[in-house]
Amino acid sequence: MGFTTTKFSLNDGNAIPAIGLGTWQSKGHTTRDAVKHALQKGYRHVDTALNYGNEGEVGEGIRESGIPRHEIWVTTKLDNHWHQRVCEGLESSLRALRLDYLDLFLIHFPCSTDPKDRQEMQKLLDTGKVRSIGVSNFQIGHLEKLLRHPSCSVVPAVNQLELHPHNPSPKLLAYCQSKGIHCTAYSCLGGHENSPISGHTDLIRDPVVLKIAEFRAKSPAQILLMWGLQRGTSVIPKSITPERIDSNFNLDGWDLSDMEIREISAIKIRAKVVGDGWMPIRVFLGDDE
């Protein structure tokens, strides 16, 4: 099995690379260098957001990599403050990235209840500046409200979610699959303790993960990424370290057994990296487990 070249088909006919580089909490030249290195290593999917404050550096990394633009899948996200200014939000991101178009533009959080915002997102597909549109952090209730609304003429191509063994969200994943919505897993390796809006999930030290990693002679991160990929989700591990970027991409020629998948999926610990206490409304209701 070769996930480094695998792409997942989307409901709009486009195809998203299975493995991408996440850039949340990456800053300055480290972002540029990480993106450049990842693309030269073979990554073809880079994920950023206006909220991350690093779209400019991501764009620099893309240009300095020397990889042709048409070979790279670029995802960014509409920030909460731009929900009533969708076109402006898009133009802001394109200027920062110095790109002519996006492969995927997501509503970052389900904080807006105005159907006009969703209509504006749909209109972007006619501009040639966005190839696919989707959502991020949408739970089942948010998706049902969206899909039921008369103004919804485009089913989101992607829902980008926090997905890992401590937050597997099987109901939400199954719901998205039933609607033809592909899921991308962020924070797929857990989180760390130093972010003001993130929690800590000690996934890479989980005994089940460590046992399988030792047996497979792989890193815990590789085991976690393979678990996500074999669930049918694309993954966007974040790293600024060349060695880890390389290791996270070393996922060809092996896979996990069904029993190993079940063992990891049976881990009982529940913890999230991203909370909603800093947002204008509560969006994570804990009912999609």
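Two cavities of 30 Å³ or more were found in a search of the whole structure, which is a predicted model. The largest cavity holds about 100 Å³ of space. Eleven residues line this cavity, and Met-121, Ile-133, Val-135, Leu-146 and Pro-156 are the closest to its centre. Helix H4 (115-123) and strand E7 (130-136) each contribute at least two lining residues.

The protein chain averages 91. A score of at least 70 is reached by 92% of the residues. Residues 193-198 stay under 50. For this segment, the model has twelve contacts beyond four places in sequence.

The largest nonpolar core comprises 73 residues. Within this core, the members that touch the most others are Ile-19, Phe-105, Met-121, Leu-143, Ile-223, Leu-229 and Leu-256. Helix H8 (residues 220-230) provides the largest share, with six residues. A second core is separate and has eleven residues, among them Trp-24, Ala-49, Tyr-186 and Val-283.

The surroundings of Phe-105 were examined beyond four places in sequence. Phe-105 touches Thr-76, Lys-77 and Leu-78, and its contacts also include Val-86, Gly-89 and Leu-90. Further contacts of Phe-105 include Met-121, Leu-124, Val-130, Ser-132, Ile-133 and Gly-134.

Two asparagines were then considered. Asn-137 is located in the loop between E7 and helix H5 (140-148). Asn-137 counts as buried because its relative accessibility is 2%, below the 20% cut-off. The side chain of Asn-137 reaches the backbone oxygen of His-108 at 2.9 Å. Beyond four places in sequence, Asn-137 touches residues including His-108, Phe-109, Pro-110 and His-142. Its contacts also include Asn-159, Gln-160, Leu-161, Tyr-186 and Phe-284. Tyr-186 is one of the residues of the second core.

Asn-159 lies in strand E8 (residues 158-162). Its relative accessibility is 0%, so Asn-159 counts as buried. A polar atom of the Asn-159 side chain lies 2.9 Å from the backbone oxygen of Phe-138. Contacts of Asn-159 beyond four places in sequence include Val-135, Ser-136, Asn-137 and Phe-138. Leu-143, Leu-172 and Cys-176 are also among them, as are Ile-181, His-182, Cys-183 and Thr-184.

Technical notes. Residues numbered from 1 in each chain as written. Predicted model: local features only at pLDDT ≥ 70, side-chain atom pairs only at ≥ 80, totals over all residues. Heavy atoms only, no water. pLDDT = per-residue confidence, 0-100. Contact = heavy atoms within 4.5 Å. Helix = DSSP H or I, 4+ residues; strand = E, 2+ residues; numbered from the N terminus. Buried < 20%, exposed > 50% of the residue type's maximum accessible area, 1.4 Å probe, protein only. Polar contact = N/O pair within 3.5 Å; in protein donor to acceptor, adjacent residues only side chain to side chain. Core = buried A, V, L, I, M, F, W, Y, C linked by side-chain atoms within 4.5 Å. 1 Å grid on protein atoms, 1.4 Å probe; cavity = no way out; pocket = protein on both sides within 12 Å on 5 of 7 lines; lining within 4 Å. Points joined across faces, edges and corners; volume = space filled by probe spheres on them.
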